Amino acid sequence: MLVEREDELARIRTALDAAAAGDSSLLLVTGPLGSGRSTLLRRVPELAGDDARVLRACAAWRERDFPFGIARQLFDHLLNGAGPARRATGAEQFGDPMDADDRHSGPGPEREVSDVVLHGAQSLLADAGAHRRLLILIDDLQWADGPSLRWVAHLTRRLHGLRALLVCTLADGDHRARHPLVREVVGAARDVLRPAPLSRDAVRTLLTEAHRQPPPEALVRALHDASGGNPLFVTAFRRALDRTGPPDHTEPSLAVGELSPTVLRDRIAGHLRIQPQSVRDVAVALAALGDHSDPALLAQLAGVDEVGFAGIRRALVDAGLLARGRDVRFVHGVVRDAADSLLTLGERERAHDAAADLLYRCGRPAEQVAGHLLAVVHPGRPWSENVLRAAACNASRAGRPGDAARYLRRALLHHRTQDDSRARLLIDLATAERAIDPDACVRHVGQAVALLPTPRDRAAAVLRVPPSLLAVPSPSAVELVRQAVRTLDDPARPDEEEAGAGELGLRLEAWLRHSGHENPVELTSSVERLRRMGPRPAVDSVAERELVSVLLCAGALSGRLSAREIARTGNRILEREPAVAAHAHSTLPLVLISLFVAESVHGVASWLASEQRTRRLYATGADDVLLAAERAFVLMAQGRPAAAREHVESALTMGPDGWLEPAVLMLASVVYELRDQTLSERLLARTRDRRRAGLARTATGQILQAGIDTQRGRSREALDALLACGRRLETAGWRNSALLPWRPYAIGLHQRLGETAAALRLAEDELAWARDWGAPTNLGRALRLKGWLLQDDGLDLLREAVDILRASAHTVELARTLIVLGRRLHGGPEAEAVLREAAGIAAACGVPWLAERAGQGLGTATVPPVATLTPSERRVVSLVGRGLTNQNIAAELGVSSRAVEKHLTSVYRKLGVSGRRELVNALPDR
């Protein structure tokens, strides 16, 4: 399909009309690789109609030394169909091309063509054009053989009177375009056509023609930006996307940027192969060094001088392979792949080795050098290991543990000795891997331990294996820690090794105790250990804080400590803990969880504010997810559900790595309160991402699934799952309902199914636990649930719940309780005052659906103000009201799904709703 070539076609029609009137001319069609020169040339005969004699020829690189190859193609067309006498006359006039090499030409590829041949050809064309227009088409003129070029140059000076139009195509940036005869032909052209790159509208038209429906605007934009409007690139990318399917969840620009269609790559590689060696060397050097490389370094690596490099660069830019501008970069990754394919495996390795050596000698950053060392299999140069370790250190500081691990694995491959230096390298590798591959971390620590000389060194190495943090530790990791404890406690150890062994022993004890967090006996033992440490356990050293953190978490899980005790000790730990972002692989998340369930969030909020200032120091993906979960939990506890929802959404957009159990638990606690089915489903998918899922993750998934089943009308299935979850938690000794609130949900489901007696038994258990626990929100909720079940007999419990919740920061729970109390009062001034207070609190918290529920008790309806939305947001809200999914809305509006999600997040924040379901319920006049 030919699009946006109307101007070129009009100019060709004008030239054809002039040729019919006897005004012959030469048109030249130029452009970079893939610009559509040949496609345009194939369209020209259709414009000429049946009254023109068409002569075609296509030059080829492999036939560039074949004398009169182009001329033979043209005159074969001319003589085709003529009688024997005419063919014989033509051969006599022109000279048989097969014999022209001997009879009319001199030696060598640039042969001189005799006047006999030139005038004979001219005579044949004059005879052929006496009664019909002649249309002479030559594709890829730069590859025409020398004698043919000499003849074409001769022809261009004698077109007058032939009633002919000569149209030639010429590739920009090709070295043969500088041939003197080619330049002579170019100089004779009356008009030069240079097809412009396709516009975004043209790309949209091509996609619509291929798919029979309008494509998403984001895909059109991505395809246009990646291809630069080059028709060859557009077509190749479109066909590649047709095979792989459109990018649903990936950003279209990223999906298109990663494409490397085989046909396009081979076409570009074929173009590079026929260029001079110096051009290929520059392309290969850029593929090795990477985009945005220094021109001087590129020239040095390619082995060309600065002047030669400048000329080669211009040629590659003209050919459409390098981007215009100051930076030296390929127009797309497929060009880099094509240049890289020119090399064998050995040549590619030598190129990267040379690039690494050049960058190292020029003092470039370690990661630039290390990137090339990754492609080198041999032991490398003497400085290779140091550079790789430095690059790994930089990657770790930047929060990229995957890159750090890659560098260290290569350094390990280059390391040849089996000694403590190898052990240090293994320990560094294990430290990087603990965020992305825990099993590999344990394996490499085990290898390092075997090489370390002292028990202290081995114990310190073992502690690089992070604590399980409510997950199930691997048996090999547990055995490593136990073995370290045994060797550290060995009475035969020399006295000089005693210094610091106590700190290591406390940290190992903390690790082992937490590994038994699903064992009720271990939980009880940990709580007793904490009590033996007195009311104010020492938390001055890192080891002491790690141990107390684990013991405190055991008390929170089992409910054997009160919320007040946990808050007192937990805040003391937090006061002494440095506010750094990288705490996902320490025991600090256990302290935060303990403080969260104890409803002591003021100190956590202050600590997180300080931590934000050190955000990029050694932060990893796990830290990012954990930080989002912590902030969401604090905001929800402070009565700001809309703001909390934003952090949940942010966490759910992060990659699959780093979803530790503490983050899952905290995010789930927020999602429970938001009561949003979409968020629940997305978070539920994350709970299934980890192998060896422990009780925390499994129970979280069961509670989320129960909430989803309830909203879908499967109350019995949801209740059975919650009761099974509760039995498993009780068996493990996890009695704290603040962490995994299965009992409150089960109470509501029992009542919904008409099982009031069972609901009341669970409510009494919940209330007894809540009174022992002592946190106001949990106690207020338990009182509300029991008061709700007792109907009018529960008024005193509801009033007590209100009094307790007024001392809590969780104002949303207070609003819920006030609504239940107001309805139980059955009208009157007190009921009206209670419901109005509930509506005001809900509105202030940004929960309009709860305010509407309070308003219904007053006989009024509160509707969120849609007028505060932007026009785009209103359009999105309207489509949500019609029941369209995010993907359908994106197709309707011609935007990306990510743009729709951003609009909805803004709408949720402005209207104070927690999700799509509440938004639909809040829409007026639906």
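## Basis of the description

Two strands are taken to pair if DSSP finds at least two bridges between them, and both helices (H or I, at least four residues) and strands (E, at least two) are DSSP runs numbered from the N terminus. This is a predicted model, in which local features need pLDDT of at least 70 and side-chain atom pairs count only at pLDDT 80 or more, while totals for chains, interfaces and linings use all residues. Residues are numbered from 1 along each chain as its sequence is written, and side-chain values use heavy atoms, with hydrogens and water left out.

An open sheet is formed by 5 strands in the order 2-3-4-1-5, and the pairing is parallel. Strand 2 (52-58) and strand 5 (191-193) stand at the edges with a single partner strand each, so one side of each is left without a neighbour in the sheet. From one strand to the next the twist averages 20°, where axes are lines fitted to C-alpha atoms, for helices over the stretch in contact, and angles run from 0 to 180 degrees between N-to-C directions.

Within this sheet, strand 1 (residues 25-31) pairs with strand 4 (residues 164-171) in the parallel sense over 7 bridges, and Leu-27 has Val-167 in strand 4 as its bridge partner. Helix 7 (residues 146-156) lies across strand 1, strand 3 (133-139) and strand 4, and runs at about 135° to strand 4; contact here means heavy atoms within 4.5 Å.

## Helix 43

The 17 residues of helix 43 (residues 829-845) should span 24 Å at 1.5 Å a residue, which agrees with the 24 Å between its end C-alpha atoms; the expected span is 1.5 Å times one less than the number of residues. Its buried residues (under 20% relative accessible area, with exposed over 50% and partly exposed in between, for a 1.4 Å probe and protein chains only) are Ala-831, Val-834, Leu-835, Ala-838, Ala-839, Ile-841, Ala-842 and Cys-845. Seen down the axis of helix 43, these buried residues fall within an arc of 165°, so they line one face of the helix, the arc being that of the directions from the helix axis to the C-beta atoms.

On the other side of helix 43, Pro-829, Arg-836, Ala-843 and Ala-844 are exposed. Gly-846, just after the helix, takes a positive phi of about 80°.

## Helix 30 and the cysteines

Helix 30 (residues 588-597) is mostly covered, with 10 of its 10 residues buried, including Leu-588, Phe-596 and Val-597. Just after helix 30, Glu-599 takes a positive phi of about 60°.

The structure holds 0 disulfides, a disulfide being a pair of cysteine sulfur atoms within 2.5 Å. Cys-362 counts as partly exposed at 39% relative accessibility, whereas Cys-441 is buried, with a relative accessible area of 0%.
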